[in-house]
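Trainee: Could you show me how to read a structure, one feature at a time?
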Amino acid sequence: MISIEILNNRVPEEIIKKIIEAINREYPFLRITGVRSVKLPLESYNASRKQYNATLILSKLEKMKKTDYLLIVTSSDLYAGDMNFIFGEAIFYSCAVLSIARLKTFALIQKEAVHEVGHVLGLQHCKLPCVMTFSNSIYDASKKSGSLCEKCRKKLDRYMGEEYLGK
Ligand SMILES: [Zn+2]
Ligand SMILES: [Zn+2]
């Protein structure tokens, strides 16, 4: 079975529970092995922006991976490249980081968690009504669907099928 571990950086347990719920619902083939507390790497903090660099977090914390995949959840605000802020960032087939700093409802947090895990599982952005639609504002995130469209679901079944065959 394919496994994912959650690294928690100062996110309340009730929110972690909601995230686990959403992952279990959307990706029932994924086994969540547990939740570990983690600190964000110091060098990923940008003092003038008062934000953490998501790309640096991923490159540092990817090394902590003991399972197939990793989801890092943080209460700190993230940025990447020239974007003012991001909800999350992912490395395909490896790990993702999700920030709850700007996501004020369980529903939004669940959507963005499902989105980032989708990337980890190899899914790209999708133009259909789908949780894999790109969102860089609360408005976009509120509008989009909380689950995968049929096309992404099929892609995932195919990837996962190959993954199973490879083992
Ligand atoms: Zn995305
Ligand atoms: Zn889709």
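Mentor: Gladly! This is a predicted model, where local features need pLDDT of at least 70, side-chain atom pairs count only at pLDDT 80 or more, and totals for chains, interfaces and linings use all residues. Residues are numbered from 1 along each chain as its sequence is written, while chains are lettered from A and ligands numbered from 1 in the order in which they are written.

Trainee: Which residues touch the most other members of the largest nonpolar core?

Mentor: In soluble globular proteins, nonpolar side chains tend to be buried together. A nonpolar core is a set of buried Ala, Val, Leu, Ile, Met, Phe, Trp, Tyr and Cys residues joined through C-beta atoms within 7 Å; buried means that 20 or more other C-beta atoms, placed from the backbone, lie within 10 Å of a residue's own. Here the largest core has 44 residues, and Leu71, Ile72 and Val117 touch the most other members.

Trainee: How many residues of H3 are buried?

Mentor: Helices (H or I, at least four residues) and strands (E, at least two) are DSSP runs, numbered from the N terminus. In H3, 12 of the 15 residues are buried, among them Ile109, Val117 and Val120. After H3 comes glycine 122, with a positive phi near 100 degrees.
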